[in-house]
Structure formats: C-alpha cells, structure tokens
Amino acid sequence: MIQTINFLKPNRDNIKNYSIIGTFLVLVSLIDVISNAFLKINLTSFLPGSLTTLFPLIIGLIGLNMMRIDYSGNKKLDLLNKNINTNNFNALLTLLILFSIIKALPQSLSWMIFDATISGDSKDACTGTGACWTYIKVWFRRFMYGMYPNEFHWRINTAFILVIALGFVGYFMKDNLKKYLALYYVIIYPVIAYLVIYYLISGGSFGLQWVETGAWGGLSLTFIVSFFCLIFCFPLGMIFALGRRSNLPAIKYISICYIEFWRGVPLITVLFMSSVMFPMFLPEDFFMDKLVRVIIAITLFEAAYCAEVIRGGLQSLPRGQYDAAKSLGMGYWKMHIFVILPQALKLVIPGIANTFLALVKDTPLIFVVGLAELAGMLALAKTNPKWLGFAMEGYIFASIIFWIICYAMSKYSYNLEAKYKTER
Amino acid sequence: MNNIIKKYIPQILAILFVVLIFGFLTMNAQTNMDNRGIDFGFGFLSQESSFDVQFSLIEYSGSDSYARAFLVGLLNTLLVSIISIIFCTILGVIIGVARLSSNYLIKNSAAWYVEFFRNIPLLLQIFFWYYAALRALPMPEKANAWFGATYMTVKGYYIPSMVWENLNVFLYCALAAIISIIVLRNYANKLRDTQGKQIPVLLYSVALLIVLPLLSFLFGGVSLGFEIPELKKLSKISYIYEGGISLPPELIALVLALSLYTSTFVAECVRAGIEGVSKGQKEAAASVGLTPNQVLKLVIMPQALRIIIPPTTNQYLNLTKNSSLAAAIAYPDLVLVFAGTALMQTGKAIEIVSITMLTYLTISLTIAAIMNWYNKKIEIKEK
C-alpha cells in the first residue's frame, strides 16, 4: 500500500530539480524538529492541532519521496537512496529514528553533562537538575574496592598487576618451553595466582595486615570471583566433557547427571545452597569462608556450561583424528592429550570466552548472599542516609562499567572466532 | 583380562568416588543436624506458614500451609516468565528482522540495541528499572490516565479488570473456534496435498476467532463489563487506587528487564535463522512460480523456524531461570517466598533448597525433553 504511492516521482531528466526540492523539504523537517527539541521553539505553531506534530514527518516523507530514484548517476544521492530511502516504509522508519534521536538528545545530554554536578564532596553540592556525579566521585573507591581499608588499596592493585603479568608469561616463553604452556596455565598459574591474591590481598603475613574477606568488595571482588571461577571451572569442565563422551557407561552417566543438574538450576539457588545448605554438609568445626564457598559454588555451576562448550569442540573434530591417533598405537590419555585436546581446545576458545562473559555478568548475583561487589556496594550506598536519592546515577555508572568490560570481551571473542575460522 | 581391567576399574572408581562424596556429605549433615536438634523431613509442608505474600495469583493468607506458599511462589515465577517470554519474543523478532533490514539506520539501531542490552548484567538492569526508573513515576494522585483508564504510578500499574457474566459460554465458544480452526487446517493441508488447491486458512481462522465469540455475546447471554480503578484517599497525603487489577512495580521492573535482556538473544537467534536459509531456496521457490508471500510462508519460514526454535527455547529456559533474580527486588517468586521466607522461618535448609532446585530442574528437563522430541520431529529426513 504505502509502497506503491506514486506521485511526484522523479525521472532522470528532472532529478536535479526534484532532489534539490526534496533535500530542502527534508532539511525543513529536520530544522523544525531540532528547533523544537533544542531551542523549544515551535516553528509550526500556526498549524492546527495534531498537524503541528505531524508536520515534519509529512514534509520529510514528501521530500524523501521526491529524491527517490532507481539510478541517478549522482553517487551521493544513490548511496542515500540505497541505504535509507529504498521505499516509503523505509523512509518513514528512517525519519522516525532520526526524530526520536533528536528528541532524546537534549534531555539526556543536559541531564548527564550540562546540568550535572561533579564538584564538591557532599550531597549539598548537587543542587542542579542534572545528574550528581559527585556521588560517584565520593564513593568511587568504595565501588572499586568495597570496604577494603583505603590505605591498603595498593595491595589489590599490585596483586592484579602481578596476576595479569603472570598471565602474559605465555606470550614471552621461549620456544623450547612452549610445550609446558598447557601445564603452566592449567596447574601452575592458578596456584601462583591463588598465592599472590591470598598473601597480598588477604595479608596476615610478611608484615601485611590481615583483611577479612567480608571487607572485600566492589569491582575488584567481581574480578577476583570471575578469575578464580574461570581458572577452576575450565579443567573441571574438561574432565566432565571427556566423561560425557566416554564409552564407559558409569562415567558417562555420572557426567551427564552432573552437567544436566547444574544447567537446569538457576545460579541464585546455587548461591543459596552455598550459603545455607553447604555448611550443613561440612564436618563439624570446619569453617569455610563465605567467599570460598561462593567461588566453589560458581565454579561447579560454570563447569557444567564449560563442559558443554568443550564437548562441542570435541564433537566437531573429524573422526579421522581419533582413528589416526589410535592407529599409531596411542592409548586413551595419550590420544587426548597430544592429538584431540590441543585441536579441540583451540576450537572452543570463543565459546569459552562467551562462557566467561556470562560468568562476569553473573557475578553481581553474589550480592544475594551478602557479598558486596559492585551491585552490592551500590545498594549499600543508595541506602546511606547522607546520599539518598541517587540510585539512577549509581546504576548508570555501574552499567557503563560492566558494559565496557562485557563489550570489549565480546568483541575480543568475536575476533578470536574470526581468527580461528580462517585457520581451518 | 587387560580389557576388562581397562573397562571396569575406572567405572568402579568413579562410582566409588561419587558414593564416597555423597556418603561423606550425608554423614556430616546427619551429625550436624543431630547436634543442632533439627530433624529431616517434609512434614513442615503441611504446617501453617504464618507469613504473608504481597502479590499472589491464588487466595493465600498466613493461615495456609507452606505447600500453598510454595504454589504461590511457583505461580508467580511462571506468571513473570510467561509475560516476559511473550514480550521478548515480539521484541526479539522485530529486532532480529530489523538487523537484516536494508536500511542503514534501522540495521545499526537494532545492532546497537542488541549490543547495549546484552552487555549489561541482568541484575543491574532489574535494579535500574526498579530502583531508578520506576521510582521516578508520579504518585497515585498525580498520575495521568494512559489509554483512558490505566494508571502508571510509583505504586504500580493499575488496569481495569474484566467482569464477566456467563464466562463459561464464552470459553466454550472460544474452544469451539480453536477446534474448528485445527480441523480446517488439517482439511486444508489434505486438500493441498491431494488436489493442490489452496484455501485462505488464515483469513478463515481469524474470521472464526472473531465470529464465534461474538455470537456468544449476542445469543449466549455473555456480557463483559470493566471495573475501572478509582482514586481513593487513605489519609491526608496517602492515596491509592481501588478496583481493577494492580500490577506491582516489582513485576513491571522484572518483566521490563527480563524481556529487554532476553530479546537481544532471541533477536540473534532469529537473525541467524533467517540468514541460515540459503539464497538458492528463495530463488528456486520464485522460479517455480510462487508469489513472494508464498515463498515466505512455504519455503523460507519452515526452514528458518527449524533453525530458530531450538536456540530460542533455550533462551526461554534461561529467562525462566533468570526470573529467580526476582528475589533481589522482593518480588514474591519461588526463590523469595520459599527459599527465602519459608527457609528463614523453618530453618529446613536442605529440604527447602532441594525442593526449589528440583522444581527448576523439572521445568528445565521437561522443556528440554519436549524440545528434543520436537527437534527429532522437524529434522530434515534424508532419504
């Protein structure tokens, strides 16, 4: 219907005049909307009723209709037509999107930037109508490090830098050591990282003051939890992936039960389990830190997802690889360690990255068992009597931080996927 | 001999390992419970719960049993899941199709929509809607009517409720319409297969769906009235709406966050499905003389749906599991009512957490089983 309206159609002879008039009409409609949104001036107030609001849309549509031609020879016009102006329906959508962006811009910009406050260090500084970034500024350290004592924040920073640096060792390893790379990442690295984090962040020895895990929090806790869960869930997931593909029925069904069980329950119930049910299952007088319990729970949970990803990689290997390895006289373990796993794991790197992404997005959930990472700190700051009423700023800040982390990771995993796709 | 050892030793070890772990845990639990004087059992389910739930679909009060509290929580979970599934499907299909649009602006807006909502943790999104966005709504006395009779306020969304007379007659008519549509479809399929004739099934179905219930209004004595929410003054400054249905802000925040978040995944499934149908199929269908609508209906959609449905069901399952985040904003879902309040009162950690987990597990496994059956059914049968 709307596609077949056929008036004021240009042809190749008059396209020049038509496109000039069309551009003019579209510009008029845009100027009308812009002046309405930014300057609060209604240029078309002389028009009756609802026609005022519809005016830019109608004018814009007519303008775009006049510019639409199959092939004009003018590169810019053709590009425009091809991309945003293929038919009336598309033109309508284009205009609607443009208008809504223009309408939303001044409000959000003035709230976030122009009317916002960032100076001062108490709530009184925020008198404007805009956002109160002072709140974020004052609470920034809490959001990043939780209740960890201010003077010891360097310990967290150092620990993170050390752990990251150790993670990059693989890139600089000499060639003759490269064969131990897997061993390093699967066994040595987790142990070293654990020791670094334990001695630096927890303290208690080497003259460092003991800081209990209850004080840990903020974004750094998110990193700690996701890091440990990732390095532990990967080997565990590998075991269960191999188990699920095993020929031995007992092992196979144990693995299937494990994987399907954890994949069938929501993480929040797993966390509940770790906080209320788990202590019941431990020996008497055996105390386990809440953070450790949470990390164990998330690791068990994510291992099931990891196992499914790795199983996908194992399944995608051609049968010939197994047959070739067997014909060389390799046993089960030799075959998997030297032939199957190196190929399969390379294939599943993007999948693992996605699992890790999901893991990072799930960590705010530890808030329900009382560990105050970023979301938990926000809830805490929100209810602070001195800083009531800034929930919006807090959640926008946290969303931006998480968005940047997750977006970077998803882009990275996408790149990895593209890289490994071409290699095969 | 060697073979037997290789085959059985690992299995026996694995089973032994599992049994040992379970035995160890059970033993510890036994001693712990003995020490604390807790006994294991599900008898508490029939006891009086003596706590109130703010929002429930069925009649419930503090004098009802824990089992009924469980049911209330389960129904609330299902309610929020089903509403969110409907919205996320609609949104997801629109966004997924928009990502394939030829229009540069639409394509990119859809892509940014996906990137935006997918990369923010769901819990933060729920918090954002609940604590920030919905708190900015007007108080009941200042709310403007939306669509004439619905009120969006900081205390929830108030909509008119329907007052039926002779509802059963109407339901029978609707049922009759659905049955006749199924019969009609089967007949149309048979006609197409045997004689190659096409009937406009969709048109007839819509007509049936409208006409039969309408007849019940005219002849069946069915009537439908609306109870419109009205502003009531409770005290000097406190107002509330009475009558109609009120949807609590927790429910709205959850539905918003869940459907916006999951719609991005559904959109990706839809896009992958439509892209997965090879171009040759379209061209082949066009070249045997099918109209564009027929190409879409008979060639593209059946193949695209085969790719779209399995991952989308997975997303629905994720959504249902994610709905347990409701506990974080105190929406009385299964986790909050049962694993939260009931657990706090009875202290039966093991029983309650396992019932909760088993419930979710049952939902997941049932849907997974149905999905496997469906996948087998729609699989391309190669000869």
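This is a predicted model: local features need pLDDT of at least 70, side-chain atom pairs count only at pLDDT 80 or more; totals for chains, interfaces and linings use all residues.
Setting aside neighbours within four places in sequence, B:Ile126 is in contact with B:Leu254, along with B:Ala253, B:Ala257, B:Leu325, B:Ala328 and B:Ile329. B:Ile126 is also one of the buried residues of helix 4 of chain B. That helix covers residues 122-133 and is mostly covered, with 9 of its 12 residues buried. The buried ones include B:Leu122, B:Phe127, B:Phe128, B:Trp129 and B:Tyr130.

Helix 4 of chain B brings us to the other chain, too. In total, 49 residues of chain B are in contact with 44 residues of chain A. Helix 4 is among the elements giving two or more residues to that side of chain B, and so are helix 3 (104-118), helix 9 (292-322), helix 10 (334-346) and helix 11 (349-378). The largest share, 13 residues, comes from helix 1 of chain B. By type, the side of chain B that touches chain A has 32 nonpolar, 13 polar and 4 charged residues.

Now for some strands, still in chain B. Strand 2 (residues 150-153) and strand 3 of chain B pair in the antiparallel sense over 3 bridges, and they form a hairpin with 2 residues between them. Within that pairing, B:Thr153 sits opposite B:Gly156. Strand 3 has another partner as well: 3 bridges join it to strand 8 (residues 245-247) of chain B, again antiparallel. There, B:Tyr158 stands opposite B:Ser246.

Which way do the residues of strand 3 point? In a regular strand the side chains alternate between the two faces of the sheet. Here B:Gly156 and B:Tyr158 point one way, B:Tyr157 and B:Ile159 point the other way, and all are buried.

Last stop, chain A. Chain A is divided into domain 1, residues 2-114, and domain 2, which takes in 134-148 + 211-423. The C-alpha centres of those two domains of chain A lie 48 Å apart.

Notes:
Residues are numbered from 1 along each chain as its sequence is written. Chains are lettered from A and ligands numbered from 1 in the order in which they are written. Domain bounds come from an automatic or database domain assignment. A residue is buried if 20 or more other C-beta atoms lie within 10 Å of its own, exposed if 12 or fewer, and partly exposed in between; C-beta atoms are placed from the backbone. Helices (H or I, at least four residues) and strands (E, at least two) are DSSP runs, numbered from the N terminus. Two strands pair if DSSP finds at least two bridges between them. Two residues are in contact if their C-beta atoms, placed from the backbone, lie within 7 Å. Ala, Val, Leu, Ile, Met, Phe, Trp, Tyr, Cys and Pro count as nonpolar, Asp, Glu, Lys and Arg as charged, and the others, Gly among them, as polar.
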